[in-house]
Amino acid sequence: MENKPKYRRSTRHLSHQARDLSEVTSEDVFSNSVSADEADETRLFTLKPEIPEEQGISRFSNESASGSSDYDMDYRFERPTRGEKKGVHTARARGGVSVSSYGFLLFVSILVSFSFYSFPFFMRLSDSRAQSTALYSGFAMSHHAMPYNNFYASDGPLFYLANQIGALGGTSLLFWIFEILALFFSSVFILKTVASVTETENQKVASVVASFAILAIAGISMGGESGIILGLPFALYGVRLLTDYMADSKRHRDEAFILYGIAGAAASLFAPIFLSIWVIGFLALIGCNIRWQLMARGFYQFLASLFGFLLIYAVVGYYTLSAGIFTAVLEQAVIVPFRHFLFNTTGFVHLGMTLGLLLLYGLITSWLTGFRFVGLSTHKIWTSTLLILSALVMAVSAFRADFVTADALAALPLLFIFSGMRLAERADSEIIETRRGTVGLFLRHTLALPVFGLLFLLAFPVANTIFHANLFASEKSAASYVKENTSASQEVFVFGADENINLLSKRTSSLDYPPSYMPKENQLAFDTHISEATAKLIVVEKGKTQPASLKAILKTGYTQTSFKDNNFTIYAKKK
């Protein structure tokens, strides 16, 4: 057994090993009372020999392998599991991850985080309402403004709570560290899951997939500031738990599904779109348990998951109730965004942007690769679920009325497994064991598109700043005027496309104009509150259609100031 080859190699290089292998019997390979069928069931993917036995090579027979040196073709020798080599059967590679791999992933996480808006040593503005609201939320909440009540929000309550904590000290340094940690732990879970699924001791494959996943997260989010990023580690942990269970259900305790419920709840409270992944993933688990005739065990797992899920939701629910935002959270973060979809030109433009970014970072290639592995999978329910659910997530994120590109990252936990499987297969066949060689192989598999993804990540902050230079200059000028003519305790209402002026001037508002996709009731509520406005200043973006209620209050209660700008007009409250 010591001469059994670990990787797929050309028979002209391995003829002597093939001869030794031909003398091995099936009893020798599964000498630990593990049948061949049981061994196959412990792998998510089973690869078949690529040479017919009649060509002279047979794994378990004594038929001739002596002429194998003349063959110019490959034969796939199955890699032994770690248990086969040690004499103890295991379902997956369970070796520890090297410290250097952790250090490399942390280095990459810090490096790409320089592109985030939260980077505290260089102030960048966003033209996106969602991102500017996230940037503003930490400051606003520390000054007694609440998301969902005083300003509209579409991410989960834990995300805004993290922003509030991250704004301690008056900078975004702490929140930037939160985002770095989210990138790092996401990559660690990806690394461990890929190493487990591929059953390889070559950590280079898993670390390369994890590193490019970090690049994809930073690039697709276009500056961070999204609940998706902070929720990803929890979603990835849940996917890893399910994947390990599918690979070997016998060695997993059912109590572990309490953690699955906790992870699903936490992920969905950062970004509600993760709730769909948790629900459909659990339905796939139920399907597998029915197939395995483990109904009682499946019911126990359901109770364990539900307990973990409700435990987190009870705690956060209490927080939202005490803050008076429980109903608003359900409406703005869950019900409305998933009830209003844009099946028009705008929606299809968003779909094109989503697919373009996913293609740029190799995720579309991973999705297409997945169809190949469904046929090789011993658990078709789970692998099919990964493919169907990832397509559903991509479509939902593209057609949502409150579209942001970061929502497409919700498909990441479902797709990276296929990237790892394909890369491990190719690395084994070409005997690639270095990180540099594995990176080259990954780029060939993805048509080198991630290279352009890296260029996009580097160029986007600069290009976005240049493209919106005129708008950002106007916002800074308006913010400077607001700061000079108001005190910190006075409110300033900005009727514009984002929250940058409030953020720059360090002034809050108890009122926000509802997005176009919100119900008419929200518009009526705005009309009622604007008529009672107490804001010292009102800043109006030129060219933006004003509601009749705003026009009326500006005419009767405010006067135009001397501030001159091409993009904004500022009104002061009459004395």
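Asn163 is in contact with Ala134, Ser137, Gly138, Phe175 and Glu225, leaving aside its neighbours within four places in sequence. This residue belongs to helix H7 (residues 157-166). Asn163 has 5% relative accessibility, so it counts as buried. The model is a predicted one. The points below cover helix packing, the nonpolar cores, an open sheet and some individual residues.

**Helix H12 and its partners**

- Helix H11 spans residues 257-270, and helix H12 spans residues 274-291. Their axes come within 7 Å and cross at roughly 155°.
- An angle over 145 degrees counts as roughly antiparallel. H11 and H12 are therefore roughly antiparallel to each other.
- On the H11 side, the contact is made by Phe257, Tyr260, Gly261, Gly264, Ala267 and Ser268. H12 contributes Phe274, Leu275, Ile277, Trp278, Gly281, Phe282 and Leu285.
- By class, the contact of H11 with H12 has 9 nonpolar and 4 polar residues, with no charged residues.
- Helix H10 (residues 227-247) also meets H12: the two axes come within 11 Å and cross at roughly 5°.
- An angle under 35 degrees counts as roughly parallel. H10 and H12 are therefore roughly parallel to each other.
- From H10, the residues in contact are Ile228, Gly231, Leu232, Ala235, Leu242, Tyr245 and Met246. They meet Phe274, Gly281, Ala284, Leu285, Cys288 and Asn289 in H12.
- This contact of H10 with H12 has 10 nonpolar, 3 polar and no charged residues.

**Nonpolar cores**

- The largest nonpolar core has 112 residues. Within it, Ile190, Ile220 and Phe274 touch the most other members.
- Helix H9 (residues 203-221) supplies the largest share of this core, 13 residues.
- Which residues does Phe274 touch, not counting those up to four places away in sequence? They are Ile228, Gly231, Leu232, Ala235, Ala267, Ser268 and Ala410.
- Another core, of 15 residues, lies apart from the largest one. Among its members are Phe493, Tyr513, Ala533 and Leu554.

**The open sheet**

- An open sheet is formed by 4 strands in the order S3-S4-S6-S5, with mixed pairing.
- Strand S3 (492-495) and strand S5 (558-560) are the edge strands, and each pairs on one side only.
- From one strand to the next, the twist averages 25°.
- S4 and S6 pair in the antiparallel sense over 5 bridges. Val539 has Ile570 in S6 as its bridge partner.
- S5 and strand S6 (residues 568-573) also pair in the antiparallel sense, over 3 bridges.
- Two residues with bridge partners in S6 are Thr559, partnered by Ala572, and Gln560, partnered by Tyr571.
- Is S6 largely enclosed or open? In S6, 5 of the 6 residues are buried, so this strand is largely enclosed by the rest of the structure.

**Helices across the sheet**

- Helix H21 (residues 469-485) lies across S3, strand S4 (537-541) and S6. H21 runs at about 15° to S6.
- Helix H24 (residues 548-557) lies across S3, S4, S5 and S6. H24 runs at about 85° to S5.

- Most residues other than glycine have a negative phi.
- His144 lies in the loop between helix H6 (129-142) and H7. At 75% relative accessibility, His144 counts as exposed, since the cut-off for exposed is over 50%.
- Lys506 lies in the loop between helix H22 (500-505) and H23. At 33% relative accessibility, Lys506 counts as partly exposed.

**His529 in helix H23**

- His529 lies in helix H23 (residues 520-530).
- Relative accessibility is 46% for His529, so this residue counts as partly exposed.
- His529 and Ser510 are 19 residues apart along the chain. Their C-alpha atoms are separated by 9.5 Å.

Definitions and conventions. Residues are numbered from 1 along each chain as its sequence is written. This is a predicted model: local features need pLDDT of at least 70, side-chain atom pairs count only at pLDDT 80 or more; totals for chains, interfaces and linings use all residues. Side-chain values use heavy atoms; hydrogens and water are left out. Axes are lines fitted to C-alpha atoms, for helices over the stretch in contact, and angles run from 0 to 180 degrees between N-to-C directions. Angles under 35 degrees count as roughly parallel, over 145 as roughly antiparallel, 65 to 115 as roughly perpendicular and the rest as oblique. Contact means heavy atoms within 4.5 Å. Ala, Val, Leu, Ile, Met, Phe, Trp, Tyr, Cys and Pro count as nonpolar, Asp, Glu, Lys and Arg as charged, and the others, Gly among them, as polar. Buried means under 20% relative accessible area, exposed over 50%, partly exposed in between (1.4 Å probe, protein chains only). Two strands pair if DSSP finds at least two bridges between them. A nonpolar core is a set of buried Ala, Val, Leu, Ile, Met, Phe, Trp, Tyr and Cys residues joined through side-chain atoms within 4.5 Å.
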